[in-house]
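Please look through the structure below with the briefing beside it. The points are grouped by topic, so that each can be followed on the model.

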Amino acid sequence: MKNSRIASAGRNCGGQEKTVEYFCGVDTGGTFTDCVVMDADGRITIAKSPSTPSDFAGGFFNALEVAADKLELSLAQLMARTKMLLHGTTVGTNAIVQMQGAKTGLITTRGHRDALIMMRSVGRSAGLPIEKLLHVSRHKKPEPIIPRTLIQEVSERIDWKGAVYLPLNEDEAREAIAYLLAQDVESIAISLLWGFLNPVHELAVKKMVQETAPGVFVTCAHELIAKPGEYERTAATAINCFIGPSSSGYIQRVQQRAKSLGYVQPLLIMQASGGVATVTEAAQKPLFTIGSGPVGGIIGAQFLAGTLGHKNVITSDVGGTSFDVGIINEGRALTSSETILNQYTFFMPQLDIVSIGSGGGSVVWIDELSNTMRVGPQSAGADPGPACYNWGGKEPTITDANLILGYLNPDNFLGGKFSLDAEISLQTMQQVADRLGMDVVEAASGAGQIVEFHMADLMRQMTVQRGLDPRDFVVYAYGGGGPAHAVAYSRELGCKTVVVPLGSVASTWSALGIQSADVLHVYEKAELLIAPFDHARLNEIFAGLEEQGRRQLAEDGVAPEHMRFLRYADMKFRLQIHRVEVPVPGGLLTAPDAATLMQTFSDQYETLYGKGSAFKDAGMEIGVLRLAAAGGIPRPSLQTQARSADAALVGERDVYWRELQRFTPTNVYTGMSLAAGSRIDGPAIIEMPETTIVLRPHSVGQLDSYGNFVIELQ
């Protein structure tokens, strides 16, 4: 497969011949939809358009149309010349957060009807922010994804070894299906006890549903999750069915419209695991698209970090609605198999990303109880947006605060696409300031400091709680607001270096990262193995998983030479609960390899929990073996730029710096006019077409040969 090359970040591709082929990545966020279009020579065109929550497909194609205009093409011409179209979607996430999914029924093993309703003991508080955790009396379970009246039981039992202990009562199964269909359910989830070890009963019930009601969305638990955890597995299946009709419908509508515009290749959908999948698979398993947008950012950061030689990176994505953090440790993005969304805990293979409601659209408000200023988690979103957009927003946001403080140019927002109204920002922020007896500038500065402390605290949790020292990490700052706040939250964390990847492309970094992803499928096999491990059994299990991976990648059109397989084992000390994911070497394992696996686990355990914490005498065990089957697709590779210096310094404006506690005349630079090697001492403002870099006092920024803006904190 031919590799693409990024030759010029953020540069227009107009004037190319009509035979030019393009690679397009689109990431739908809560406020903006980002688009990155790259041609075969590596030139990049970036575009942003407001997201359209009523139908996200509108924002998807609006962003592509903005990019097409920059290329002096029609949308149809761009689609006809697109070789690969990739997409990260938030439709599934929004459906579960807003509880606006399909009417769903559940069929489960008799005696286990209430497993989903009961949740785990922490269900009342799972995933709640600290301010809500402090009010224990207000803790409550979330609104049920599936009400108890739509949960049906059938007699059957598979034992813990996978043998059929009680055959499926098919009459009961048909009665359960008929009852749910009479309740007008749109989807049916099937989760039977121990069905992941032997799916014969789950498949039999699914076949009955498809024969009776072929138009109903249906999912078996074993198709998603193949390991113990009755509640988590059932929750995953319920969520998949709850978001299934809307997510699959959306994905298919996007593909159909793209096809009608002339796009002839398959649409690829970003998955939470860090790879892309075809529309067919994504439509069947929309659960795996939850959180896929932020994952694209980590994949792009991992690619860039490999080029720049950064082994340890904290990725920080500041969007309009949220702040997303991921970790790359020793060159590998950390993963997680458990997710909490809307207080539901469920299994899903994914890159480990934690998000909080802190972004450019986060609302600044007063807590009535304590009479103190708060920021977020509620957001102005894309509609009505921050007050300064003048689209109807009545509450001040972080974007309004940044405008008041002078960080943003009201006449050059998003490359001058529209102007910001500073007067409205002052009016809305004044309401907050008056209630606190503060000056409006002090209130704006305080709001910025609060949100940056929230960001630094999340980054601290993501590192220190994993036994990692954040001072050993480089911070990658992207998203529309990342470059504006990165110096402040990185300094608070103790980090010394910040990278704004590829300058203005940072504002659409997740969309570019999606283009860097491989086709990826994750397979798991739950089996209890006790140390010393039987290397022959390990080889047998991994061989079976690899065979599944090869078949699926071949169906995806991946050539054998572009297939890669990564192995992992979830290990723990006996009688403990929490497992640690340990990499397993490829190839045919030997007895020494199995012994080395034990030592690797001990080392990783002590990294997480401290030197001497590993208690080897307790014994070790493996609970789950995992295989990541990746198929390489065309991706960018960096090359240095030869950009000459233009008149980068365009003037100065008064900017409020809390380090100096005053407005100070500050140099303003046009980022696209900087030459490689250009050095700028803070304080300074560097304006890019799609983002603004705020270089605070006591920091120095420099453009490297690839177009990254690298900031050293003094």
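The model is a predicted one, and its protein chain contains 18 helices and 35 strands. A compact globule of 714 residues would have a radius of gyration near 27 Å, and because the protein chain has 26 Å, the two values agree.

**Overall dimensions and burial**

- Taken along the principal axes, the box filled by the C-alpha atoms of the protein chain comes to roughly 80 × 60 × 60 Å.
- Of the 714 residues in the protein chain, 57% are buried, and the accessible surface of the chain amounts to about 28500 Å², with 50% of that area belonging to carbon and sulfur atoms.

**A parallel sheet and the helices packed on it**

- An open sheet is formed by four strands with parallel pairing, and their order across the sheet is β7-β6-β10-β11.
- At the edges of this sheet are β7 (151–154) and β11 (217–220), each of which pairs on one side only, while the twist from one strand to the next averages 20°.
- Strand β10 (residues 187–191) runs parallel to β11 and is joined to it by four bridges; within this pairing, Ala 189 has Thr 219 of β11 as its bridge partner.
- Helix α7 (residues 200–212) packs on the sheet, where it touches β6 (104–109), β10 and β11, and the direction of this helix makes about 175° with that of β11.
- Helix α9 (residues 230–260) also packs on the sheet and touches β6, β10 and β11, but its direction makes an angle of about 155° with that of β11.

**An antiparallel hairpin**

- Strands β29 (residues 649–657) and β30 (residues 662–670) run antiparallel and are joined by eight bridges, with Trp 657 standing opposite Arg 662 in β30.
- The two strands β29 and β30 form a hairpin that has four residues between them, and in the turn Gln 661 has a positive phi of about 60°.

**Cysteines**

- A disulfide is a covalent bond between the sulfur atoms of two cysteines.
- When the whole structure is searched for disulfides, zero are found.
- Cys 241 takes part in no disulfide, and the nearest cysteine sulfur, which belongs to Cys 220, lies 8.9 Å away.
- Cys 241 counts as buried because its relative accessibility is 0%, and Cys 495 is likewise buried, with a relative accessible area of 3%.

- Tyr 263 has its place in the loop between α9 and β12 (267–270).
- Is the residue at this position, Tyr 263, buried or exposed? With a relative accessible area of 3%, which falls under the 20% cut-off for burial, Tyr 263 is buried.
- Which residues is Tyr 263 in contact with, leaving aside its neighbours within four places in sequence? The contacts of Tyr 263 are with Met 79, Ala 80, Thr 82, Lys 83, Met 84, Leu 85 and Ala 258.
- Between Tyr 263 and Met 429, which are 166 residues apart along the chain, the C-alpha atoms are separated by 47 Å.

Conventions
Residues numbered from 1 in each chain as written. Predicted model: local features only at pLDDT ≥ 70, side-chain atom pairs only at ≥ 80, totals over all residues. Heavy atoms only, no water. Pairing = 2+ DSSP bridges. Axes fitted to C-alpha atoms, helices over the stretch in contact; angles between N-to-C directions. Contact = heavy atoms within 4.5 Å. Disulfide = S-S within 2.5 Å. Buried < 20%, exposed > 50% of the residue type's maximum accessible area, 1.4 Å probe, protein only. Rg over C-alpha atoms; globule rule 2.2 N^0.38 Å. Areas by Shrake-Rupley, 256 points an atom, 1.4 Å probe, with all protein chains shown as cover.
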